Amino acid sequence: MDGIISLLGLVSLCLEGVDPQGVYAPPSVRIVHSGHACNVEEERYSERVYTIREGETLELTCLVTGHPRPQIRWTKTAGSASDRFQDSSVFNETLHIAQIQRHQGGRYYCKAENGLGSPAIKSIRVDVYYLDPPIVTVHQSIGEAKEQFYYERTVFLRCVANSNPPVRYSWHRGREVLSQGSDKGVEIYEPFFTQGETKILKLKNLRPKDYANYSCVASVRNVCGIPDTSVIFTLTNKTASPAIKLLVEDPIVVNPGQTVALVCITTAGEPPPTLTWTSGGGAALPQKSQVKDGTLTLRDISSDEAGLYSCVASNNVGNPAKKSTTIIVRALKKGRFWITPDPYHNDDNIQIGREVKISCQVEATPPEELVFGWLKNGRTLRSSERMVITQTDPDVSPGTTNLDIIDLKFTDFGTYTCVASLKHGGIPEISIDVNISSTTVPPLFFPFLVPPSLAVPRGRSPLVAREGDTVDLECVVTGKPKPILLWTRADREAPMPDGSAQMESYDGVLRVANVSREMSGQYRCQTSQYNGFNVKPREAVVELIVQYPPTVEPTYMEIRQGLGRAVSMSCRVLRAHPSRVLRYEWRLGSKPLQSGHFDTRDETEYSIRALAQENYGEYVCEIVNEAGAGRCVFNVTAKAYAPEFYYDTYSPIWQNRPRVYGFKLQWTQMNPDAVDRIVAYRLGIRQTGQQRWWEQEIPVEAPIRKGELLTYNLTELIRPEAYEVRLTPITHFGEGDSTVRIVTYSAPINPHLREFHCSFEEEPICLFTQDKNDDFDWTRHSAATRDTKYTPNTGPSGDRTGSKQGFYMYIETSRPRKMGDRARLVSPIFNVAPKSPYGLSNPPAYCFSFYYHMYGKHIGTLNAFLKQKGQSASADSPVWTLTGNQGDRWRQAKVSIHPTASFQVAFEGVRGPGIEGDIAIDDVILEEGECPNTPPTPEESKAPASDVHIWLLVITMAMTLLRGQR
């Protein structure tokens, strides 16, 4: 029993660190910059600030890790960034803004998500620097001056310039620099209420020498290379604020189509004022207007161009002068009438002996010029005791005239005409006719003046239509004169089909094209007051019922399943009208499978117990009602999902010969167990821009596990060409979905510290250098190119990933090396970030990690040092050290470092007592932040661990223990 307990403990130890998700990982994000940055610094609370000059190009790159490859989106100040820069940049790794403007400054966020864990978000604040030319304005002290505004008066010169960062001002009088206290007659100060944004020069009781040229120089201390700017103002005893005069009437009344000239002249001001014209409340002038020498010309004027126009004169002395005038464009429009029966009788009919009123209304501009006239049968009608002509109070009903016929008689039959015109002519009159006919008149009732009535024709409500049809909603209206009908929704507050609140109809019919299910409901038709009787509106209701085919789910679904497995498909009805569904039918292609009728259920299902080759294809479930059919489509296939390229490979490029390079292609398989086992991958590769693909198959010997990282080395790639790589999984069913990526050659550079990873694959070895004061050097090597006469029983058989082609650094301990000899490898110099403006009492932390291989009976010591600026690496104080044989495997070391100045890291290998003492290092990484305390992972071994190998080991040990107990 004790043996079994020990075995279980060993099993637990073996499985520790095995990640069932493999290399799948949630996203992480870093933002790096390029382009024309003036400065990038860390402020309080570790806020990253990117400073750039207005007009330069901003480039921010979002470096992401995580598998599957995260999707990236840029936003600004917690909102969409697409309204501030090109949409194509929003979803790219690099955010590119050419000729950045000041309003584009702010906080930018990079968000990355791949469906695992929470999205990763990082931000950086972009500060746009600029300096506008300054403007000098001159003001007089309290107390009005006479003719010479600034003779023996106190004067204020105010200088203003828009800038970021805040501007500093300096004043000069001629060539003399003015400063506080340098002249008793001069004061320079920054008023508290301006918050330092302006600088005011005060000249007290002007003296003759104060009449001079004054220059204001605005400066931002040459940040971002922004030069100083200045402006000159000449102060004389004639300096005066502007005054103007308009040589036009106010208001100006014109007819449409005329040309209007507004003349504005200056009557005072030194320096000579500048004249500008504005429209309305400062709006832009009409497009066809012209301004020349203070005269605004409006040609072919229209009613839309009527309104207030202002002339403004400014010379930066005192307040600007402003004069305004109003242009009125004469017009008549919208003539209409209505008839009001005798208000003293509760009867809507027009009868002999009673009063009747005919009202006429017109919109006129200007309203005071409106003149009405009435005609009867073409002859002028004047107001009398029985024919009373009045005009309604403009405050109650503007532009309205009334004809009251008292005690209606047969002799009043005829055509009454309301004529509207403007006093001074030039505008066409508006005439409105009302006919009172004497044809077939009963003794006491007039059919020519019949109150309206409204009804819905039989069979026209409810009205049933199918979605997409064109329908006519109809109300029959009678009455003389025949009124206009207004249509609205009666059952709920919703817009009419054209989007408006109401629609008009002159013949009682409302035509609605392409009806939809949302248009079902009740519609109200109602008589309008105008061009009809001024009586209580008549109304009726028409009900519209829109039928539509069943809405089903899913409309489309792809089902991937391997041979011999079960599949079940379900099609569900969400809504339909009529809701009674007649039948359903399942088909595979054109082959009928199953049909029937619904009872109380709202879904139907089709199942296959074991998929055969002939069961693959497109399944359609069609559900039918009176209005049509809804379809669920299922595509059942055994195609494998697409592979997912792994982009987080450290230093995937290596170089064996000068003209060619290699690339370590890595990927995982999406849902490998969804279909039959993948037996191979078809690899296609071609140079970018070429048409021809070179293809080969990569066999897969064992089943692929979810998250398992697969590797294939691409060799003989020509420098510096880029290649398009296509990978397609193959099963017994056939080819699956493909994935394409671009492989790009990148020359070795010294990257920013936040992204320093070095795998020694390139000859420059990431700008590491050999220490000139040590005993011998480190050597760059790979197992594929290693000398066949190498020392046995020491050194690695491949790089950290197990690749024979991959490179690493090692110390060769064969003769003439002797015990205690040291070899040092020194990194490039890194600058400390963040730069805190509050000192380095809390220095930043970095995680320094690397892989080491120390195998052999004569292994000496491996030391790692932190060498800071102004210091030397001390042999007595390494940040990490290890001595002796550690076995034939790669292991990872991690140590947190806290530099307070620019620094380097150095590796020191010390030879042991014999030749079997080779020490190797690989994959050196420097990252921001403390090192996480994570347990060892299977990646630390010489080859990736396999669940199969672990369980074989467990089973073997269990058998051995059981035999021993027997």
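**Notebook: strands, core and rings**

I began with strand 58 (residues 723-730) and strand 59, which run antiparallel and are joined by 5 bridges. I count two strands as paired if DSSP finds at least two bridges between them. Helices (H or I, at least four residues) and strands (E, at least two) are DSSP runs, numbered from the N terminus. Arg 726 stands opposite Val 740 in strand 59.

This is a predicted model, so I noted its limits: local features need pLDDT of at least 70, side-chain atom pairs count only at pLDDT 80 or more, and totals for chains, interfaces and linings use all residues. Residues are numbered from 1 along each chain as its sequence is written, and side-chain values use heavy atoms, with hydrogens and water left out.

In what order do its 4 strands run? I found 56-55-58-59, with antiparallel pairing, in an open sheet. Strand 56 (694-699) and strand 59 (739-743) are the edge strands, and each pairs on one side only. The twist averages 25° from one strand to the next. For such angles, axes are lines fitted to C-alpha atoms (for helices over the stretch in contact), and angles run from 0 to 180 degrees between N-to-C directions. I reminded myself that strands of a sheet pair through backbone hydrogen bonds, either parallel or antiparallel.

**Strand 21 and its partners**

I then turned to strand 21 (residues 260-270), which pairs with strand 19 (residues 240-246) in the antiparallel sense over 5 bridges. Lys 245 stands opposite Ile 265 in strand 21. Strand 21 also pairs with strand 24 (residues 295-298), antiparallel over 4 bridges. Here Val 263 stands opposite Thr 295 in strand 24.

**The core**

Which residues have the most contacts inside the largest nonpolar core? I listed Phe 760, Phe 768, Trp 778, Phe 848, Phe 850 and Leu 862, in a core of 33 residues. Strand 65 gives the largest share, 5 residues. A nonpolar core is a set of buried Ala, Val, Leu, Ile, Met, Phe, Trp, Tyr and Cys residues joined through side-chain atoms within 4.5 Å. Buried means under 20% relative accessible area, exposed over 50%, partly exposed in between (1.4 Å probe, protein chains only).

Leaving aside neighbours within four places in sequence, Phe 768 is in contact (heavy atoms within 4.5 Å) with residues including Phe 756, Leu 825, Phe 907 and Val 924.

**Rings**

I searched the whole structure and found 19 aromatic pairs. Rings of Phe, Tyr and Trp (its six-membered ring) pair if their centres lie within 6.5 Å; planes under 30 degrees apart count as stacked, over 60 as edge-to-face and the rest as tilted. Trp 586 and Phe 634 are stacked, 5.8 Å centre to centre with 25° between the planes. Trp 586 lies in strand 47 (residues 583-588) and Phe 634 in strand 51 (residues 628-637), so the pair ties together parts 48 residues apart in sequence. Are these two buried or exposed? Trp 586 counts as buried at 0% relative accessibility, and Phe 634 counts as buried at 1%.

Ring pairs also link Phe 848, Phe 850, Tyr 852, Trp 880 and Phe 907 into a cluster.

I checked charges over rings too (NZ of Lys or CZ of Arg within 6 Å of the ring centre and within 35 degrees of the ring normal). Arg 69 lies over the face of Tyr 647, 4.4 Å from the ring centre. The charged end of Arg 517 sits over the ring of Tyr 548, 3.9 Å from its centre.
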